[in-house]
Amino acid sequence: MAFDPENKKITDAVKQIPSAPVTNKKNTSTNDVFTIPKMKKEEKTKNYTFTMKPKIRKKLSALSKSHGFKSDSAFLSYMIEHVE
């Protein structure tokens, strides 16, 4: 056996039926209602054309990917918006 049957504490603990947590409790409180937050309106984007050196473009792409941005333009937009 894995334990001494003479130890009363262990024997009693093994015999006890664990109580299951109550999960199907209906809650009518208005404080617990799940609400979906409204999406903030974002400004629409517009296409612009500008030039840059090819090595700068490669660096821009590497930076945007390494920081988890979905596109180079999203990375540029973020950087420009957060410059003080």
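Predicted model: local features only at pLDDT ≥ 70, side-chain atom pairs only at ≥ 80, totals over all residues.
Visitor: Is Asp-72 buried or exposed?
Guide: Asp-72 is placed in helix 3, which covers residues 72-81. Its relative accessible area is 14%. The cut-off for buried is under 20%, so Asp-72 is buried.

Visitor: With which side chain does the side chain of Asp-72 make a polar contact?
Guide: Leaving aside neighbours within four places in sequence, Asp-72 is in contact with Arg-57, Leu-60, Ser-61 and Ser-64. The polar contact between side chains has a distance of 3.2 Å. The partner of Asp-72 in that polar contact is Arg-57.

Visitor: Why is the pair of Phe-69 and Phe-75 edge-to-face?
Guide: The count of aromatic pairs comes to 2. In the pair of Phe-69 and Phe-75, the ring centres are 5.2 Å apart. Planes over 60 degrees apart count as edge-to-face. The pair is edge-to-face because its planes stand at 70°.

Visitor: What is the pair of Phe-69 and Tyr-78, stacked or tilted?
Guide: The ring centres of Phe-69 and Tyr-78 lie 5.5 Å apart, with the planes at 50°. Stacked needs planes under 30 degrees apart and edge-to-face over 60, with the rest counted as tilted. The pair is therefore tilted.

Methods
Residues numbered from 1 in each chain as written. Heavy atoms only, no water. Helix = DSSP H or I, 4+ residues; strand = E, 2+ residues; numbered from the N terminus. Buried < 20%, exposed > 50% of the residue type's maximum accessible area, 1.4 Å probe, protein only. Polar contact = N/O pair within 3.5 Å; in protein donor to acceptor, adjacent residues only side chain to side chain. Contact = heavy atoms within 4.5 Å. Phe/Tyr/Trp six-rings, centres within 6.5 Å; stacked < 30°, edge-to-face > 60°.
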